[in-house]
Amino acid sequence: MNTRCAVICPIATGGGVSESFLTCLDMLRDNGVTPIAIVPRGFHFLKRLGERGYETHEVDRLEQGGLINLFGQSLALVKAIRKSGAELAVLNNGRYVRWVKMLLPNLPLVAIYHGGKVSRLLKADRIVTINDDQLQYLQDAGYPEHKAVVVDNALPLESLPQYKRREKWNGLPVIGTLRLLEPAKGVDTLIDAIGILAKRGLRLKTRIGS
């Protein structure tokens with residue numbers, strides 16, 4: 001019987017963490033694990049989860065921040081994990097690590113560190129991070145070296161466009177970004193920089209995608 005693994009994504013709006021979450025589900029299934037998606041109610045990629053045939057559990061207000069909400073959200077999350085029958089949990093983001101380990105001490109918990117407060121993740125049984133700098137942050141915070149590993153963000157090869165050698169570029173230079181259009185992503189900084197370059201007489205094109 002395949003191991004049932006709860007894969008939890010508290011971020012509801014899409015973007016890099018959500019894409020990493022979907023890739024994690026696919027890779028687990030490809031390697032003989034039964035992944036169960038646990039996401040905020042109204043999760044941005046619910047349709048894609050359904051199209052891929054993943055068992056999904058939605059949790060109310062899972063994506064909302066603030067200490068005042070944390071206990072109730074953690075109880076709801078643990079209830080969903082129990083309902084899923086998971087034997088293992090993978091948690092994107094560190095917000096709920098401490099509470100899940102406190103309420104489900106016998107459930108092996110792997111946390112994926114995408115950034116943010118290191119202290120939130122330290123109760124995890126294992127931590128996967130995406131670069132050497134973040135690994136150093138964990139070690140500096142006292143997390144055991146043998147329990148953490150760097151795994152670069154993965155992309156399924158079949159999703160990448162076929163490589164084509166580009167002819168010599170004769171047009172205007174293009175500066176762009178592809179990210180969530182949220183204040184924390186700093187797109188306003190890019191726009192300000194483009195304005196400065198334009199005032200200096202530099203002609204260019206800008207592309208902003210989300």
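This is a predicted model: local features need pLDDT of at least 70, side-chain atom pairs count only at pLDDT 80 or more; totals for chains, interfaces and linings use all residues.

Let me start with the second largest pocket, whose volume is about 370 Å³. A word on terms: on a 1 Å grid over the protein atoms alone, a pocket is an open set of points where a 1.4 Å probe fits, with protein on both sides within 12 Å along at least five of seven lines, whereas in a cavity the probe cannot get out, and lining residues have an atom within 4 Å of a point. Grid points are joined across faces, edges and corners, and the volume is the space filled by probe spheres set on the points.

Residues are numbered from 1 along each chain as its sequence is written, and side-chain values use heavy atoms, with hydrogens and water left out.

Returning to the second largest pocket, 16 residues line it, and those nearest its centre are Cys24, Met27, Ile112, Val128 and Val151. Helix 1 provides the largest share of this lining, five residues, and by class the lining has 10 nonpolar, five polar and one charged residues. Here Ala, Val, Leu, Ile, Met, Phe, Trp, Tyr, Cys and Pro count as nonpolar, Asp, Glu, Lys and Arg as charged, and the others, Gly among them, as polar.

The largest pocket holds about 850 Å³ of space. Of the 37 residues lining this largest pocket, Ile11, Gly16, Val17, Leu180 and Lys185 are the closest to its centre. Helix 1 (16–30) and strand 5 each supply at least two residues of this lining, and helix 1 gives the most, with four residues. The lining of the largest pocket divides into 13 nonpolar, 16 polar and eight charged residues.

Lysine 185 is partly exposed, with a relative accessible area of 39%, where buried means under 20%, exposed over 50% and partly exposed in between, using a 1.4 Å probe and protein chains only. Leaving aside residues up to four places away in sequence, lysine 185 touches Arg179 and Leu180, a contact being heavy atoms within 4.5 Å.

Now to the strands: which strands pair with strand 4? Strand 1 (residues 4–8) runs parallel to strand 4 and is joined to it by four bridges, and strand 5 (residues 109–113) also pairs with strand 4 in the parallel sense over four bridges; two strands pair if DSSP finds at least two bridges between them. Alanine 6 has alanine 89 of strand 4 as its bridge partner, while leucine 91 has alanine 111 of strand 5. Strand 4 (residues 88–92) is largely enclosed by the rest of the structure, because four of its five residues are buried.
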